[in-house]
Amino acid sequence: MYIIDHDKQVALINEMKQLRKDRKRYEVYYHHPYTNQMWKSFFPRANGDELGPKLLRHEPVPTDINERLNICLGEDAPENAIGLGIEWSARPEIWADVIQALENRYSHFDRKQLKLFLDNLHLDEAKEEMPAEISEDDTQENEITEDKVGNLIWRSRKIRVKRFFVLG
């Protein structure tokens with residue numbers, strides 16, 4: 001599903017035909033003529049100053065969080081866990097749902113994959129960048145704060161410990 005190695009990305013991109021490019025969102029869509037597979041090249045953590053890591057993945061992907069987790073954490077393919085963690089690290093609005101899904105099904109995932117995913121979700125780094133409090137005018141139910149991220153970090157650590165002690 002994901003290719004994170006730069007040399008492998010370049011080799012695959014050279015085999016494909018570019019379909020469209022979005023310079024504002026740093027996304028390029030490709031079609032692989034031999035496999036008839038669609039691909040997306042993108043920088044999920046891109047901001048005005050830095051692009052961050054580049055990912056290449058199949059397109060379209062399942063929109064359901066549980067389905068994506070099953071695909072990326074169920075098999076021994078480290079690049080899938082790393083790629084999904086990097087992609088979702090740029091989407092704080094879904095972090096609570098992701099942690100909830102992990103709490104419900106942590107025993108079904110490969111230990112190493114789960115660890116790689118959580119490491120690349122970068123919740124600890126996100127907490128340092130979040131405001132400690134939000135004024136009442138700015139408060140929204142889905143607004144992510146330092147306290148909410150701290151709670152998600154605590155829950156993710158519980159998942160790691162539980163998964164460590166579950167055989168398999």
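So, helix α3: residues 78-89, twelve of them, and from the first C-alpha to the last it reaches 16 Å, close to the 16 Å expected at 1.5 Å a residue. Keep in mind that this is a predicted model.

Now, how much of α3 is covered? Mostly covered, it turns out: ten of the twelve residues are buried. Going along the helix, those are N80, A81, I82, G83, L84, G85, I86, E87, W88 and S89. And what covers them? The list includes strands β1 (2-3), β4 (37-42) and β5 (55-59), plus helices α2 (65-73), α4 (95-105) and α5 (111-121).

Stay with W88 for a moment. The structure holds one aromatic pair, and W88 forms it with F117, edge-to-face, 6.1 Å centre to centre with 85 degrees between the planes. That pair links distant parts of the chain, since W88 is in α3 and F117 is in α5, 29 residues apart. Buried or exposed, these two? W88 counts as buried because its relative accessibility is 2%, and the cut-off is under 20%. F117 is buried as well, at 0%.

Okay, over to the strands. β2 (residues 17-22) and β3 (residues 27-32) run antiparallel, joined by five bridges. If you want one to look at, Q18 has Y30 as its bridge partner in β3. The two strands form a hairpin with four residues between them, and in the turn Y26 has a positive phi of about 55 degrees.

Last bit, charges over rings. The charged end of R20 sits over the ring of Y29, 4.0 Å from its centre. Then there's K40, which lies over the face of F42, 4.6 Å from the ring centre.

How values were computed. Residues are numbered from 1 along each chain as its sequence is written. This is a predicted model: local features need pLDDT of at least 70, side-chain atom pairs count only at pLDDT 80 or more; totals for chains, interfaces and linings use all residues. Side-chain values use heavy atoms; hydrogens and water are left out. Two strands pair if DSSP finds at least two bridges between them. The expected span of a helix is 1.5 Å times one less than its number of residues. Buried means under 20% relative accessible area, exposed over 50%, partly exposed in between (1.4 Å probe, protein chains only). Contact means heavy atoms within 4.5 Å. Rings of Phe, Tyr and Trp (its six-membered ring) pair if their centres lie within 6.5 Å; planes under 30 degrees apart count as stacked, over 60 as edge-to-face and the rest as tilted. A charge sits over a ring if NZ of Lys or CZ of Arg is within 6 Å of the ring centre and within 35 degrees of the ring normal.
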